[in-house]
Amino acid sequence: MRAARATATPRLGPQRPPGPPLPAADPAWSADPYADALRTGRGPLFLRRTDGWLLPLEVERWCAEPDPADLEVLGRCEGTVLDVGCGPGRLVAALGGRALGVDVSEAAVAHTVRRGGRALRASVFDALPGTGRWDTALLLDGNIGIGGDPHALLARMARLLTADGLLLVETAPYPDVDERLTVQLTAPHGTPGAPFPWARLGTPALLHHAHASGWRATDRWSRDTRTFVALRPPRQPDRQVTASQAHTASTTACPAATARP
């Protein structure tokens with residue numbers, strides 16, 4: 001694990017050229033059931049699949065202080081940190097001034113600010129401050145599912161991070177899970193919100209998608225039934241040195257190294 005870098009939180013400024021069109025921000029997380037759950041600090045709250053299957057959301061854990069699994073993640077963070085889908089902000093508040101939370105929910109952003117964290121109401125696919133200059137990004141609490149397209153989300157994260165940045169991802173604790181879903185946010189007795197795309201990935205599925213996109217897995221671990229993966233971004237072509245370039249550079253710098261008796 002690298003030591004944390006003492007760098008300032010990225011500010012608005014020049015950004016990398018935009019990539020291909022990205023999924024639009026999804027308003028479903030701003031529905032009243034989510035806001036109500038965050039205000040009370042408890043569920044039940046679910047993601048409801050079109051066939052009626054329900055995925056319970058851990059509102060109580062999100063609204064509590066960081067647990068041991070969270071603390072291990074926080075200990076791995078390097079430098080400045082972007083928490084994507086920060087929810088009520090337990091991790092942003094714990095990280096202090098070097099972190100920024102991003103969430104599409106107004107209630108989540110307000111909750112994060114009340115806890116002393118900094119947060120911005122936006123989608124990860126919106127223009128964000130510090131693009132290309134974040135040292136660490138977080139996709140925890142199932143947020144690898146944002147947008148329902150892991151390839152698009154990983155590509156976006158690569159543009160947000162520095163060239164040697166760190167992405168910490170929480171995966172589904174079921175190795176065989178690799179799903180693309182349409183879900184609705186719902187409380188037990190409320191009307192489900194608007195449908196939106198989501199994804200669920202176990203660690204093997206995440207590693208498959210990450211490797212296909214050029215990401216490098218540097219660690220994987222579990223804690224208290226939760227599972228995590230650490231990734232480094234794809235190497236940018238303009239930052240790579242080809243084998244022929246490396247050979248030319250080495251022979252130019254040390255010509256005697258190529259001379260044989």
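Because the model is predicted, local features are reported where pLDDT is at least 70 and side-chain atom pairs count only at pLDDT 80 or more, while totals for chains, interfaces and linings use all residues. Residues are numbered from 1 along each chain as its sequence is written, and side-chain values use heavy atoms, with hydrogens and water left out.

**Overall picture**

The secondary structure of the chain comes to eight helices and eleven strands, where helices (H or I, at least four residues) and strands (E, at least two) are DSSP runs numbered from the N terminus. The chain has 261 residues, of which 49% count as buried; buried means under 20% relative accessible area, exposed over 50%, and partly exposed in between, with a 1.4 Å probe and protein chains only. Of the contacts with a separation of 6 or more, 66% join residues 24 or more positions apart, a contact being heavy atoms within 4.5 Å.

**The nonpolar cores**

In soluble globular proteins, nonpolar side chains tend to be buried together. A nonpolar core is a set of buried Ala, Val, Leu, Ile, Met, Phe, Trp, Tyr and Cys residues joined through side-chain atoms within 4.5 Å. The largest such core holds 46 residues, and M157, L167 and W215 touch the most other members. Helix 6 (residues 150-160) gives the largest share of this core, five residues. Apart from this core lies another of 17 residues, among them L74, C86, L95 and W221. When neighbours within four places in sequence are left aside, the contacts of L167 include L154, M157, W215 and V229.

**Helix 1 and helix 2**

Helix 1 (residues 32-40) has P33, Y34, A35, A37 and L38 as its buried residues, and what covers them includes helix 2, strand 4 (99-103), helix 5 (106-114) and strand 8. Just after helix 1, G41 takes a positive phi of about 80 degrees. V59 belongs to helix 2 (residues 59-63), and V59 touches A37, G41, R42, G43 and L45, not counting residues up to four places away in sequence. Although V59 and L38 are 21 residues apart in sequence, their C-alpha atoms are 7.1 Å apart in space.

**Helix 7**

Just after helix 7, G214 takes a positive phi of about 90 degrees.

**Buried residues and cysteines**

| Residue | Relative accessible area |
|---|---|
| V59 | 0% |
| C63 | 17% |
| C77 | 3% |

A disulfide is a covalent bond between the sulfur atoms of two cysteines. With a disulfide taken as a pair of cysteine sulfur atoms within 2.5 Å, a search of the whole structure finds zero disulfides.

**The cavity**

On a 1 Å grid over the protein atoms alone, a cavity is a set of points where a 1.4 Å probe fits but cannot get out, and lining residues have an atom within 4 Å of a point. The count comes to one cavity of 30 Å³ or more, and about 40 Å³ of space lies in the largest cavity, a volume being the space filled by probe spheres set on the points. The lining is formed by D83, G85, C86, R90, L91, L140, D141 and N143, and these divide into three nonpolar, two polar and three charged residues. Here Ala, Val, Leu, Ile, Met, Phe, Trp, Tyr, Cys and Pro count as nonpolar, Asp, Glu, Lys and Arg as charged, and the others, Gly among them, as polar.

Technical notes:
1 Å grid on protein atoms, 1.4 Å probe; cavity = no way out; pocket = protein on both sides within 12 Å on 5 of 7 lines; lining within 4 Å.
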